[in-house]
Amino acid sequence: MDHDVIVVGTRAAGAATAMLLARAGLRVLAVDRARFPSDTLSTHQVQVPGIARLGRWGVLDRIAAVTPAVPRVRLDVGAAVLDGRYPAVDGVDALYGPRRTLLDATLVDGARAAGAEVREGFAVDELTRDAEGRVTGIQGRNRGEGRGRGPSTVPITATARLVIGADGKRSTIAEAVGAGAYHVRPPATFACYTYWSGVDLPVGSIYVRPGLTVPAFPTNDGLVMVAVFAPLAEFDRFRADPAAGYLAALDRCGDLGERVRSGVRAEPYRLAPDVPNLFRAAHGPGWALVGDAGIVMDPVAGQGISNAFRDAESLAAAVARGMDAGGRLDEALAGYQRERDAAAWPVFAMTRDLAGLRISTGQRLLLGAIADDPVETSQFLGVLAGAVRYDEYLRAGNVLGRIGGGAVRRLRRVGSPAGVGAAFGCRAKAGPEARDVSAASG
Ligand SMILES: Cc1cc2nc3c(=O)[nH]c(=O)nc-3n(C[C@H](O)[C@H](O)[C@H](O)COP(=O)(O)OP(=O)(O)OC[C@H]3O[C@@H](n4cnc5c(N)ncnc54)[C@H](O)[C@@H]3O)c2cc1C
């Protein structure tokens with residue numbers, strides 16, 4: 001074998017995984033058809049737990065030097081406004097929104113510095129297998145660098161004990177191995193976002209209105225990123241005139257439309273209607289998946305990058321363990337899938353509820369009851385950041401304690417703890433154990 005591990009895709013998930021594997025002493029080849037630095041269709045709030053991981057990995061300083069920290073966020077749901085600070089995770093108490101040009105390139109450089117071989121402009125076409133069907137490597141092509149120069153026609157192969165697909169939600173690797181999908185939910189939203197200069201935005205802001213969620217966060221180069229998430233059913237009408245639809249949405253969010261119009265739009269509107277929600281099997285003979293290739297969720301909650309970092313860390317540890325002398329790789333990978341699914345489920349459940357783009361009566365009561373309490377506000381913002389588990393936060397007893405007697409009486413008809421959970425949008429029973437495995441693959 002040429003390598004211990006080949007990682008396909010070198011953005012949030014792949015570059016982080018390659019870096020951590022190389023640091024563990026493994027021989028790593030990481031390839032991506034893109035070149036870096038380059039952008040991708042994604043906004044880029046990295047939640048506090050993701051930033052804490054960047055800090056732990058020693059790559060945060062380069063990002064933090066040029067990206068505004070966002071320790072404070074204002075959540076405006078119309079009937080209530082929460083304005084507070086994120087709880088700290090490993091001493092980190094701020095979100096950052098680095099452009100993907102910066103974030104992904106920083107991780108690619110980190111992977112190289114750790115000893116991984118990174119090949120940019122290399123597109124994987126297919127996998128190679130041994131006689132038993134175990135994946136043994138990749139076959140792909142170098143892509144031309146100049147305009148009009150397509151992929152080279154000469155196929156190149158490389159072999160490894162493990163091929164990791166970190167190649168995003170439409171993963172070639174997942175499709176090639178037929179990775180089974182589960183927890184499949186229909187797409188619910190689309191996003192439209194762009195960047196503004198000359199807009200004063202001292203804190204991160206999230207507006208929620210019926211059928212609408214609008215995050216606005218500062219990013220690099222003095223720009224502010226403002227995104228609109230709306231129901232997918234409205235996409236055809238919206239795309240006929242994105243500027244009109246986008247500004248009309250901002251006009252429903254306090255003075256945000258006015259503030260944005262006082263600035264200058266710095267980049268084109270970007271439209272993102274392809275937002276699947278599903279888990280895929282995380283491993284099989286000679287392969288594993290990480291990042292969006294393995295679990296993809298609606299971007300409305302801004303969790304994908306932090307999820308990718310969490311799973312990169314868990315997968316790299318499992319692979320290092322499994323490739324140790326006497327280690328059992330397949331068993332270690334099975335442990336990775338269990339750990340991944342258990343950690344991702346509450347985030348997936350929260351995201352699914354946020355993708356409904358509505359605030360229920362129970363949620364309104366809760367937010368109204370905690371808005372004046374900085375500790376409770378911080379806890380709730382911790383839930384949105386993925387730092388506090390959604391299912392635990394919404395456990396019926398906790399919720400009732402928070403909203404107080406008057407609200408409890410209004411909810412009395414709900415009765416059972418499960419009913420209370422439902423009133424808050426929490427489907428406590430539908431955990432990973434209740435797998436609704438679909439026949440779909442890839
Ligand atoms: C509109 C939108 C807004 C979002 N906003 C946020 C946010 O604010 N915060 C957040 O945390 N997440 C956000 N996300 C989610 C986030 O973008 C993803 O979760 C994240 O990019 C996943 O990282 P990844 O490395 O798994 O995949 P990707 O970032 O998709 O990277 C996959 C890489 O694989 C490469 N690749 C694919 N196929 C091949 C091949 N055959 N050969 C070689 N290379 C290949 C691609 O070139 C690419 O570089 C958003 C997503 C969208 C769509």
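This briefing walks through selected helices and strands of the structure above. The model is predicted, and every value below is computed from it. Helix α4, at residues 100-113, is largely enclosed by the rest of the structure, because 10 of its 14 residues are buried. Helices α9 and α10 pack against each other with their axes 8 Å apart, and several strands pair in the antiparallel sense, including β8 with β9.

**Helix α4 and its surroundings**

- Helix α4 covers residues 100-113, and the distance from its first C-alpha to its last is 19 Å, which is close to the 20 Å expected at 1.5 Å a residue.
- The buried residues of α4 are R100, L102, L103, D104, A105, T106, L107, V108, G110 and A111, where buried stands for a relative accessible area under 20%.
- Among the elements that cover these buried residues are the helices α1 (12-23), α2 (48-57), α3 (60-64) and α9 (304-323), together with the strand β7 (117-120).
- After α4 comes G115, a residue whose phi is positive, near 110°.

**Helix α1 against α4**

- The axes of α1 and α4 lie 7 Å apart, and the two helices pack at an angle of about 20°.
- Because angles under 35 degrees count as roughly parallel, α1 is described as roughly parallel to α4.
- On the α1 side the contact is made by A12, A15, A18 and M19, while α4 contributes R100, D104, L107, V108, G110 and A111.
- The crossing of these two helices, α1 and α4, is left-handed.

**Helix α2**

- Helix α2 is mostly covered, since 8 of its 10 residues are buried, and these are V48, P49, G50, I51, A52, R53, L54 and W57.
- The cover over the buried residues of α2 includes the helices α1, α3, α4 and α9, as well as the strand β6 (95-96).
- Just after α2, the residue G58 has a positive phi of about 80°.

**Helices α9 and α10**

- Helix α10 spans residues 329-354 and packs with α9 at an angle of about 160°.
- Angles over 145 degrees count as roughly antiparallel, and α9 and α10 are therefore roughly antiparallel to each other.
- Their crossing is right-handed.
- Residues of α9 that meet α10 include N307, R310, D311, S314 and L315, and the residues they face in α10 include L329, A332, L333, Y336 and E339.
- E331 also lies in helix α10, and this residue is exposed, with a relative accessible area of 52%.
- The C-alpha atoms of E331 and V319 are separated by 9.9 Å, although these residues are 12 apart along the chain.

**Strand pairs and hairpins**

- As background, the strands of a sheet pair through backbone hydrogen bonds, and they can do so either in parallel or antiparallel fashion.
- Strand β4 (residues 72-76) pairs with strand β5 (residues 81-85) over 5 bridges in the antiparallel sense, and within this pair R74 stands opposite D83.
- Together β4 and β5 form a hairpin with 4 residues between them, and in its turn G78 has a positive phi of about 90°.
- Strand β4 also pairs with strand β13 (residues 204-209), here in the parallel sense and over 4 bridges, with V73 standing opposite G204.
- Strands β8 (residues 122-129) and β9 (residues 135-142) are antiparallel partners joined by 7 bridges, and R129 has V135 of β9 as its bridge partner.
- The hairpin made by β8 and β9 has 5 residues between the strands, and G133 in its turn shows a positive phi of about 95°.
- Strand β9 is in turn joined by 4 bridges to β10 (residues 156-165), and these two strands run antiparallel, with A158 of β10 as the bridge partner of I138.

**A sheet of three strands**

- An open sheet is formed by 3 strands in the order β11-β18-β21, and the pairing is antiparallel.
- The edge strands of this sheet are β11 (181-185) and β21 (295-296), each of which pairs on one side only.
- Strand β11 is joined to β18 (residues 277-280) by 3 bridges, and R185 stands opposite N277 of β18.

How values were computed: Residues numbered from 1 in each chain as written. Predicted model: local features only at pLDDT ≥ 70, side-chain atom pairs only at ≥ 80, totals over all residues. Heavy atoms only, no water. Expected span 1.5 Å × (residues − 1). Buried < 20%, exposed > 50% of the residue type's maximum accessible area, 1.4 Å probe, protein only. Contact = heavy atoms within 4.5 Å. Pairing = 2+ DSSP bridges. Axes fitted to C-alpha atoms, helices over the stretch in contact; angles between N-to-C directions. Parallel < 35°, antiparallel > 145°, perpendicular 65-115°, else oblique. Left-handed = near helix turned anticlockwise from the far one by under 90°.
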